[in-house]
Amino acid sequence: MSESTGAASTGADFSGASYASAGVDIEAGDRAVHLMKEWVRKATRPEVVGGLGGFAGLFDASALKRYERPLLASATDGVGTKVDIARRMGVYDTIGHDLVGMVVDDLVVCGAEPLFMTDYICVGKVHPERVAAIVKGIAEGCVLAGCALVGGETAEHPGLLAADDFDVAGAGTGVVEADQVLGADLIRPGDAVVAIESSGLHSNGYSLVRHVLFDRAGWSLDRQVPEFGRTLGEELLEPTKIYSLDCLALTRTTEVHAFSHITGGGLANNLARVVPDHLRATVDRSTWEPAPVFGLVGELGGVERLELEKTLNMGVGMIAVLPQESVDVALATLADRGVGAWVSGEITARESGATAVELTGDYAR
């Protein structure tokens, strides 16, 4: 007569455990790497040493010898809850543009040229084609930014994330000559504030946008929206504009004192970060008309204008602060590059108790 073990009587399985039985598929991860190689090869620079597959990305720093005093700039970011839109749409090859834009456009604010990026993709389950599509978007974004994608990591987190859930993050490094760093110290009274148009919502405020459009209004992603000329999902997935090469072109063609990347916190809060304590930026809303998506979120959600402005970019993705005599060249440079821009305000002395940034007027209609 045989004896039953506790395992047999409770139905527990004491057969050998494995990484696969825990939910991690190494073979799928290897296939994802194979599929992404083509795209990573396209996102390179002459200074990149080696190829995909090493434990670290290598970048030939001897290229920095041409600088008198090179300063390295670094930035890291993600794309927030916009990844939920990509997941629900089943479209994964644009979210990487958002990631690159959020990182490199922070680097260029100080005048730094983006050199390279690394990415981190966290998934509940590795779907090789999906991961490769995400990396494709990141690589394409790096090409648009003029930087290299030198490495990354894909992590599978079964039990923590659902099989279709994912998130992305990235870090970038750039370089700027020490005596060419841009920022508040250069801004002077009389400088012009030049607004550079956004491509839409970019990658900020999606928690508010999703709450208004899905939870409150009950709209679906496949809803055709006449004001957009496309579906709601297509509008919400519009990639973040990558400004790095456009901003660097401005620094080469004319004098620029500062940039401000308009992300979370909106135009006023981000512009305030580069306005010195004794000066004030006045921005006239009537100089531009925000895209319909901004007004729609406000209308459907009953969101007050101040709340919209401190959450969304309202149609301005980057600000350049420059001398009045640089305006014509700056606007012409951006126009030649197909980038919309306009003078939206000026820098003046700040009176005691005044805010760093004042928004005046009403948006154009």
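Modeller: Let's start at Arg-280, which sits in strand S11, residues 279-284. Strands (E, at least two residues) and helices (H or I, at least four) are DSSP runs, numbered from the N terminus. Keep in mind that this is a predicted model, where local features need pLDDT of at least 70 and side-chain atom pairs count only at pLDDT 80 or more, while totals for chains, interfaces and linings use all residues. Residues are numbered from 1 along each chain as its sequence is written, and side-chain values use heavy atoms, with hydrogens and water left out.

Is Arg-280 buried or exposed? Its relative accessible area is 18%, so Arg-280 is buried; the cut-offs are under 20% for buried, over 50% for exposed and partly exposed in between, with a 1.4 Å probe and protein chains only. The Arg-280 side chain reaches the backbone oxygen of Thr-355 at 2.9 Å, and it also makes a polar contact with the side chain of Glu-358 at 3.2 Å. A polar contact here is a pair of N or O atoms within 3.5 Å; within protein, one must be able to donate a hydrogen and the other to accept it, and residues adjacent in sequence count only if both atoms are side-chain atoms. Leaving out residues up to four places away in sequence, Arg-280 touches, among others, Val-275, Glu-346, Ile-347, Ala-356 and Val-357, where contact means heavy atoms within 4.5 Å.

Now zoom out to the sheet. S11 is one of 6 strands in an open sheet, ordered S10-S12-S7-S13-S11-S14, with mixed pairing; two strands pair if DSSP finds at least two bridges between them. Strands S10 (258-261) and S14 (357-360) stand at the edges with a single partner strand each, so one side of each has no neighbour in the sheet. On average, neighbouring strands are turned by 25 degrees against each other, direction ignored, using axes that are lines fitted to C-alpha atoms (for helices over the stretch in contact) and angles from 0 to 180 degrees between N-to-C directions. Elsewhere in the sheet, S7 (192-197) and S12 (316-322) run antiparallel and are joined by 6 bridges. Ala-195 has Ile-319 in S12 as its bridge partner.

The structure holds 17 salt bridges, each a side-chain nitrogen of Lys or Arg within 4 Å of a carboxyl oxygen of Asp or Glu. In one of them, Arg-66 meets Glu-113 (3.8 Å, N to O). Arg-66 lies in the loop between S2 (58-59) and S3 (70-78), and Glu-113 in S4 (residues 113-123), so this pair ties together parts 47 residues apart in sequence. Arg-66 is exposed at 55% relative accessible area, whereas Glu-113 is partly exposed at 22%.
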